[in-house]
Amino acid sequence: MFFDTALSTNDLIFLARGAGMTLIVTAISVFFGTVMGIAFGILRHQIGPWWAAPLTFVLDIFRSIPLLIQLVLANAFVTTVLGWRISGFTVACAVLSLYTSAYCAEIVRGGIEAVPPTLRRAARSLGMTWRQDMTSVTLPLAARIALPSWIGLALGVMKDSALVYVVQVVELLKSAQILITRLQEPLFLLMICGLFYFLISFPIARLGGYLERKWSND
């Protein structure tokens with residue numbers, strides 16, 4: 001029968017540990033990527049397209065080159081060219097953070113530019129400094145606009161983290177591949193793997209929907 005499986009409790013624990021690694025890599029990458037993305041997005045908006053051209057070019061590189069290639073090249077450069085003894089986990093988090101920041105910067109820039117200029121001018125006419133305008137008026141409104149895109153980005157990064165296996169990080173999909181090699185039950189194990197991804201993703205997506213509804217009613 002289809003569900004006659006040799007999968008044991010220890011194997012499920014092994015998959016759960018892989019899911020935990022996926023969450024850790026995703027959380028670190030999304031956090032640092034968001035922080036850098038906010039800084040890059042504000043900078044690109046503030047200094048204009050011409051002065052921001054070098055930064056835009058670098059961010060376009062991270063958006064254009066497939067993540068798998070970025071991971072392989074970064075790992076080879078760090079370990080072979082530079083000769084640094086850095087774990088694959090560190091390389092994976094660094095590359096994913098930069099990858100996330102490249103997309104987040106566009107989300108932030110778009111959110112800021114969606115705030116009505118008249119509202120910003122009104123804030124400055126009341127005597128607000130640029131910093132007060134950004135922290136009290138522009139960024140809170142931009143956050144509401146950018147939230148759905150940011151949630152989509154976070155979920156995308158979580159799924160893209162499956163590629164960190166190339167730098168020897170045993171996350172959820174790699175854990176499933178190891179069990180497939182041993183148990184020879186690919187369909188069943190991939191179903192279990194997909195269920196883990198769903199259990200991780202669904203609460204994040206629902207939380208994003210709840211915040212979007214709550215903010216839209218405020």
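Tutor: Helices here are DSSP runs (H or I, at least four residues), numbered from the N terminus, and strands are E runs of at least two. The expected span of a helix is 1.5 Å times one less than its number of residues. This is a predicted model: local features need pLDDT of at least 70, side-chain atom pairs count only at pLDDT 80 or more, and totals for chains, interfaces and linings use all residues. Residues are numbered from 1 along each chain as its sequence is written, and side-chain values use heavy atoms, without hydrogens and water.

Student: What span does helix H6 have between its end C-alpha atoms?

Tutor: H6, residues 130-160, spans only 37 Å. A straight helix of 31 residues would span 45 Å.

Student: Where does H6 bend?

Tutor: At Ala146, by about 55 degrees. That is the angle between axes fitted to the seven residues ending there and the seven starting there. Pro148 follows within four residues.

Student: Why is the pair of Phe31 and Phe32 called edge-to-face?

Tutor: Rings of Phe, Tyr and Trp (its six-membered ring) pair if their centres lie within 6.5 Å; planes under 30 degrees apart are stacked, over 60 edge-to-face, the rest tilted. Here the centres are 5.1 Å apart and the planes at 80 degrees, so Phe31 and Phe32 are edge-to-face.

Student: What makes the pair of Tyr99 and Tyr103 edge-to-face?

Tutor: Their centres are 5.2 Å apart and their planes at 65 degrees, so the label holds. Both lie in helix H4, 4 residues apart.

Student: Is Tyr99 buried or exposed?

Tutor: Buried means under 20% relative accessible area, exposed over 50%, partly exposed in between (1.4 Å probe, protein chains only). Tyr99 has 11%, so Tyr99 is buried. Tyr103 has 29%, so Tyr103 is partly exposed.
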